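Examine the structure, then work through each task and its solution.

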Amino acid sequence: MEEYKNLDDSNKEELEDSLIRVSGMYKDWFLDYASYVILERAVPSIEDGFKPVQRRILHSMKDLDDGRFNKVANIVGHTMQYHPHGDASIADAMVQIGQKELLIETQGNWGNILTGDRSAASRYIEARLSKFALEVVFSPKITKWQASYDGRRKEPINLPVKFPLLLAQGGEGIAVGLSTKILPHNFVELIDASIKCLKGKKFVIYPDFPTSGIMDVSNYNDGLRGGRIKVRARINQLNKNTLVISQIPFSTTTSSLIDSIVKANDNGKIKIKKIEDNTANDVEVLVHLPTGVSPDKTIDGLFAFTSCETSISPLGCVIENNKPLFIGVSEILKKSTEHTRELLKMELEFKRGDLENQWHYASLERIFIENRIYRDIEDVETWEGVIKAIFEGLKPFVKKLKREVVEDDIVRLTEIKIKRISKFDIDKAILKIESIEAELEDVIDNLNNLTDFAIKYFKNLRSVFGKNKNRKTEIRIFADVDAKKVVVKNSKLYVNREEGFIGTSIRRDEFVEECSDIDDIIVFTNEGKMMVSKVDSKKFIAKNINHLAVFKKKDKRTVYNMIYRDGKKGTSYIKRFSVTGVTRDKMYDLTRGTDGSKVLYFSANPNGEAETVNIILRQSGSIKKLKWELDFADLEIKGRGSKGNIVTKYSVNKIEFKEKGLSTLKPRKIWFDETIQRLNVDSRGELLGEFKGDDSLLIIKQNGCLKTIKPDLNMHFPEDMIILEKWTSDKPISAIYFDGNKERYFVKRFLAGIQKVDQQFIPAGSKNQLEMVSSDWKPVIEVTFSKTSKGLKDNLIQNIEDLISVKGIKAIGNQLTPFKVKNINLLDPIAYEPPKKTPFMDLEVKDEKSIESEAQIDEELQSNKEGQTELEF
C-alpha cells in the first residue's frame, strides 16, 4: 500500500489498467471450470459413448495388449500418461467398466454389484480387452488423434466404436450445472433396434439391468427429462412364514436393501422376524415373518416402505461437437447407428485404397519380372539412369494399369531381390492378382450397398457375441400399492366417548382397535354427526362419540344402519347408507339438521348385513301397538345425505337388537388382470366370477401343487401358475403326469378339497413332471404316439372321464397307455351343464354400483326436504 502511494499519477493509472477485478476473475474461471468438468470428466461423448477417462483406459489397454492379462495397477500407471488425474479415479473407472462384463475380461476379485462389496486393490487384480472390444472399439487407420495433456504422446479424440455402446453400458455423471443418467439396455435388443433403424422401421428400446428385477416402463419417456421408471425386487413366497428375494432393483445392493427393510420394521411399517443374506453369485435374501403375519401384505409393504421398489429418473445428456445435448435414447441409437454406418464406410474406403495399391504393385511386379525389364538397368551406372530405364521399359504396359506409375513405384521395383526374381512363378502371380481383384470387387459392392453391409455387420455381432445375453429385467405394469392397506397396525386406537377425544396416547381410556400411524379414522356421534380425521396421538372430535373405526376410502361394502330422532320430540327416521369418500376434518350431519336430534340406534356392517330390531314406544294416550319388529333388509341402501324413511311419529322408549341378518349386497365380481398379475373389482382383465364371503379361488401351479384360498385384492400369485379360477367344490380336476422312474404317463381325477397351503397332487420327485391339467367337467385329450410304438399309427382321442373315476388327491392314478407317447394335446371339452343348486332363501340384494349411484342422487336431493314415506308394520 505504501509503495502504491509513492507512485506518480501516470504509474498509478497504468497499474490500475493492468488489475483485474475479483468478480471478473470468478466469472471467467468458473465458466472455464464448468466447461472443463462437463466436457472432460462427467458427460460421455455421443460418438463413442465414453467419458475421457474411460477412453484413455481402453487406449492404454490397447497399447499394452498382447493377448495376456495385465495387472490393473500397471494399466492405471500407463493410463496416467494420458489422464491428468490421480490413480484412484482411473482405478475406480476401470472397475466400473469391468463389472459391466462387456469390454474387459477380468481376473481376480472385481467386487460384487449385487452385494456392494468393493474390488481388491489394483495390484491384486488383472484385466485384458475382450474379443468384443477388439472387434468394435479399435480401428487405428481411421482414428483421429490429438496430443496428450503434456504433449508427449498422442491419444484418440474419439475411438471408432461401431456399436451403440453408450446405451449398452449406460452412463451417469454429475457436472457443473447439469447431470446425465443414461440407463443400460439389452445387448441383443440394441442390435435388433439398429437393424430396424437401418431398414427404416420403427423401434422401441427399454432398459435392462444387470441386477435383473422387474420394471414398469409406462412413464419411461424415451429416457428424456421428466421420465420415470419403477423397478421392483423379485419376491416370492417360500413358505407361509418366509419370503425370498431373488432379484434386486437397479441402483441398490443387498446391503442397502436389508438396511431399508430393517428400518421399515423399526418404524413399525412392516413386521419381520429376521433376515438372512445368502447372496453369492445369485441374490438370495430370506425374510422370515412372525406367525400370523400375511405374506401377501408383507410383500406389498416391502414395495411401499423399503428399497424393494425404487423410482429411477433418466436424463439423457451427451457431448456432441463439444456442446452438451439433451437427447432421448431412440435418438442416441439413431445417431450411433448412422455413425457406425459411416465408420464402416471409412474402413471400406481405406481397404479399397489398400487393395488398389496392392493390385497396382502386384501388376507392376509381374510386368517388371515377366518382361525382364530388370535387364535394361544392367549397364546403367547412375541412379537417375536406372529410374529412367525402368520408366522406359514400363511405357508399353502402362495402359494395363489403373493409375499412373510414380517414382516411388520405380524405387520399390528396384528393391526386389534377385532370389525373388529367380523364383518368380507367373501362375502364382496371376492367382494373387485375381484374388485381390475378387476382394476389391466385394469391397466395392459393399460400398455400393452400404446399408445392407451394415445390417450384415450387426447380424454378425449378434451371432458371435449375443449368446447368453438375453433380457434379465422383466417388463411389467405395476399395480399401485396403497400404503394404508398394507401398513402394519403399529399403534392402538383409544377413545374417550364422553369428552370426545380419540388418539393413540390416551391409554387410560377405552381401547377400540389396532391401527397404523397413517390411517384415517371415521367417527360418528350420538347427535348424528360424522367426521373423518387422520389418526393422531390425541385429537378432539366431538362429545358423545357413538362409533369409530379405521376408515377405508372407496369402501362400497361397509353399510351403516341408523335410526335417529329429528329434534328433541320429533319424528324418528331409519336409514341405511355407505360412506365412500369425504373431505378430511369436515363435520357432516347425517340427520335433517334439527337441533336436539339424537341417534337411537347405530350399527356398522362390513359386508352390508341387515339386522332385525325391536321398536318399543313410550306409553302415551291411545297408542295401541307399543312394540314391533323392524328389519333393515327392507330398506334400500342410499347415500349419507338421505334423510331416511319414517319409523314412527311417537316417542320411542328404546330399540333392542333382536337378530343378526345376512348380507344384502350381491356377490362381489372379481377380475384378474394378467398384465399386472393382480385381482381387482374394476372390470379389468378376465372375470373370475361372483364371490360371496365363503367362496374361494383355485390356484394350480406347473410344479404339481394346488391350493384354495379366499380372494384378497392384495394377494400375489406364483410365476408358474397355470390355472386360476373360482373354486367349485364338487368339480373334479383332471391331471396327466409323467413318472420319471417308471417312464410312463399316468392320469388321475380328484377333488381339490379345502387346501389352505400348497398341496402336491403328483408324486414328489425331480424326474416327475406335470404334463397336462384341466378343471373342465369333461375334458378330452388327444394322444399321439412315437413312430417306434409298434401296432399303433392313429392318434388316440379319449374322454378322461372314461379312463378313470374320481379318487383322492394323493392317489397315483392309472397308467395312460403302455405305448411310447410323443405328445398329449388338450381338446375342447364335452359340453356339460352342472345341476343348479336350489338357494336356501331368496334375498333382495343390491348391486354396489346401484348403491353408489343412489347415494349420489340422494346427495342431490338432500336440500329438498320432501317426499316423506311412512313404513307400514
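**Exercise 1.** Characterise the contact between Arg-497 and Glu-510.

*Solution.* Step 1: the two side chains form a salt bridge, with an N to O distance of 2.8 Å; the term denotes a side-chain nitrogen of Lys or Arg within 4 Å of a carboxyl oxygen of Asp or Glu. The model is predicted: local features need pLDDT of at least 70, side-chain atom pairs count only at pLDDT 80 or more, and totals for chains, interfaces and linings use all residues. Residues are numbered from 1 along each chain as its sequence is written, and side-chain values use heavy atoms, leaving out hydrogens and water.

Step 1: Arg-497 belongs to the loop between strand S18 (491–496) and strand S19 (501–503), while Glu-510 is in strand S20 (residues 510–515), so the pair links distant parts of the chain, 13 residues apart. Strands (E, at least two residues) are DSSP runs, numbered from the N terminus.

Step 2: Arg-497 is partly exposed at 28% relative accessibility, and Glu-510 is partly exposed at 36%. Here buried means under 20% relative accessible area, exposed over 50%, and partly exposed in between (1.4 Å probe, protein chains only).

**Exercise 2.** Determine which parts the salt bridge of Arg-684 and Asp-673 ties together.

*Solution.* Step 1: their side chains meet at 3.5 Å, N to O. Step 2: Arg-684 lies in the loop between strand S34 (678–680) and strand S35 (686–691), and Asp-673 in strand S33 (residues 668–673), so the pair ties together parts 11 residues apart in sequence. Step 3: Arg-684 is partly exposed at 35%, whereas Asp-673 is buried at 11%.

Conventions: Helices (H or I, at least four residues) and strands (E, at least two) are DSSP runs, numbered from the N terminus.
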